[in-house]
Amino acid sequence: MAFSAAGTSGPLADINVTPLVDVMLVLLIIFIVTAPMVSMPIPVNLPQPTTVVPPTVPPPPIELRVDASNQVSWNGQVVAVASLQQRMQEAAQANIGNVPELRIATDPNAEYDVMAKVLAAANNADMEKIAFVQP
């Protein structure tokens, strides 16, 4: 308990430093115990690179366009919707492991059914990269 000096009124507050000293002693013990462990090297066997694989150049993208009259064009050539899956499979097999990107542009007035058939053909042909672009 704090004692007040003669002539002063009001309580005096003392800071209790015992918890602070306890925490500092615990931290000191932790640093003393862990310092020798940190200074000793630990051998680690890391895998070494064997060969460097050169980056592959991606094939040119496939430009698909669905216009307002629901015609589908493959890189500027009009094609039937029924032949899309076969053409996509041929493009994927020609570039195994590096499938070309399929860029689809649609007119806002095109029917959803045609777009659904194009996406189903891309899914069945295992096209990995599909992008929607604005016409």
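Modeller: A salt bridge is a side-chain nitrogen of Lys or Arg lying within 4 Å of a carboxyl oxygen of Asp or Glu. Keep in mind as we talk that this is a predicted model.

Colleague: Thanks! Which residues are linked in a network of salt bridges?

Modeller: Let's build it from its pairs. Arg103 forms a salt bridge with Glu63, with the closest N and O atoms 3.5 Å apart, and the side chain of Arg103 also meets that of Glu101, at 3.2 Å from N to O. Arg103 takes part in each of these pairs. The network therefore consists of Glu63, Glu101 and Arg103.

Colleague: How many residues apart are Arg103 and Glu63?

Modeller: Arg103 sits in strand β4 and Glu63 in strand β1. Their salt bridge thus links distant parts of the chain, with a separation of 40 residues.

Colleague: Where do Asp113 and Lys117 lie?

Modeller: The side chains of these two meet in a salt bridge, 3.5 Å from N to O. Asp113 is partly exposed at 42%, and Lys117 is partly exposed at 46%. They are four residues apart, about one turn of the helix, and both lie in helix α3.

Colleague: Now to the sheet. In what order do the five strands come?

Modeller: The edges are a handy place to start: β3 (77-79) and β5 (130-133) each pair on one side only. Neighbouring strands are turned against each other by 30° on average, ignoring direction. The sheet is open, its pairing is mixed, and its order is β3-β2-β1-β4-β5.

Colleague: In β4, what is the bridge partner of Arg65?

Modeller: Strand β1 covers residues 62-66 and strand β4 residues 102-106. The two run parallel and are joined by five bridges. For Arg65, the bridge partner in β4 is Ala105.

Colleague: Which strands does helix α2 touch as it packs on the sheet?

Modeller: Helix α2 spans residues 84-94, and its direction makes about 20° with that of β2. Helix α3 (residues 112-124) packs on the sheet as well, at about 175° to the direction of β4. The strands touched by α2 are β1, β2, β3 and β4.

Colleague: Are the buried residues of α2 on the same side or on opposite sides?

Modeller: The buried residues are Leu84, Met88, Ala91 and Ala92. The face turned away from them carries the exposed residues Gln93 and Ala94.

Colleague: Is Asn98 buried or exposed?

Modeller: Asn98 is found in the loop between α2 and β4. Beyond its neighbours within four places in sequence, Asn98 is in contact with Thr56, Val57, Pro58, Pro59 and Lys129. Buried means under 20% relative accessible area, and Asn98 has 17%, so it is buried.

Colleague: One last thing: what value is phi of Asn75 near?

Modeller: Asn75 lies in the loop between β2 and β3, and it is partly exposed at 43%. Asn70, in the loop between β1 and β2, has a positive phi near 65°. Phi of Asn75 is likewise positive in a residue other than glycine, near 50°.

Note on methods:
Residues numbered from 1 in each chain as written. Predicted model: local features only at pLDDT ≥ 70, side-chain atom pairs only at ≥ 80, totals over all residues. Heavy atoms only, no water. Pairing = 2+ DSSP bridges. Axes fitted to C-alpha atoms, helices over the stretch in contact; angles between N-to-C directions. Contact = heavy atoms within 4.5 Å. Buried < 20%, exposed > 50% of the residue type's maximum accessible area, 1.4 Å probe, protein only.
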